[in-house]
Amino acid sequence: NGAFAYLNERNITLQNLALENKVAIADLPDRIAQLQAEKKRLEKELADAKKKLALGGPGGGGAIEKEQLGSLTFASKTLDGIGAKDLRGIATDMLKEIGSGVVAIASNDEGKAAIVIAISADATAHANAAELIKLATPAVGGQGGGGRPEFAQGGGPNGADVAKALQAVKQALTNLHHKVA
């Protein structure tokens with residue numbers, strides 16, 4: 001009957017899972033929990049390694065471009081293969097490294113652009129990340145973005161144009177400096 005066939009199919013599935021994981025059926029929940037914890041640990045290690053690489057660690061992605069635009073320090077970097085989720089931590093670390101100013105990072109991740117702008121608290125009197133991201137995203141085919149005066153992110157479908165997005169941020173900060181000066 002149908003119920004017996006269903007239960008038999010479930011039992012075969014459990015047996016196959018137990019065999020594949022080299023544990024008894026009763027130990028499957030513990031094994032799954034162990035694998036999930038290991039996956040989480042490995043994902044964190046990978047994110048940390050990507051961050052180190054992006055910040056110019058061993059075999060790293062090169063130096064951070066840093067320059068003075070009037071009273072603001074502007075640091076920028078283009079990256080490859082770093083997802084939007086990981087850019088936030090990289091931007092925070094870059095901001096700590098420069099101390100005060102504006103950080104803009106953009107990544108081409110599988111053809112899609114991700115952009116993050118972080119601004120130190122003292123520099124928000126001169127620049128607004130939410131406004132800057134709205135100027136950067138059109139360069140990568142995006143529309144706007146969002147955030148707060150000290151942190152904003154956005155993106156678009158044209159990952160190959162991330163350098164243009166950073167150039168738009170730099171140009172806006174340069175124009176802002178000329179208006180203030």
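Predicted model: local features only at pLDDT ≥ 70, side-chain atom pairs only at ≥ 80, totals over all residues.
Local features are reported at a pLDDT of at least 70 and side-chain atom pairs at pLDDT 80 or more, whereas totals for chains, interfaces and linings use all residues. Residues are numbered from 1 along each chain as its sequence is written, and side-chain values use heavy atoms, with hydrogens and water left out.

N108 is found in strand β3 (residues 102–109); strands are DSSP runs of E with at least two residues, helices are runs of H or I with at least four, and both are numbered from the N terminus. With a relative accessible area of 19%, N108 is buried, the classes being buried under 20%, exposed over 50% and partly exposed in between (1.4 Å probe, protein chains only). Not counting residues up to four places away in sequence, N108 touches L79, D80, G81, G159, A160 and V162, where contact means heavy atoms within 4.5 Å.

The structure holds five salt bridges, each defined as a side-chain nitrogen of Lys or Arg within 4 Å of a carboxyl oxygen of Asp or Glu. One of them joins E45 to R41, with the closest N and O atoms 2.4 Å apart; both residues lie in helix α2 (residues 28–54), four residues apart. A further salt bridge is formed by the side chains of E67 and K170 (3.1 Å, N to O), and this pair links distant parts of the chain, with E67 in strand β1 (residues 65–69) and K170 in helix α5 (residues 162–180), 103 residues apart. E67 is partly exposed at 26% relative accessible area, and K170 is likewise partly exposed at 23%.
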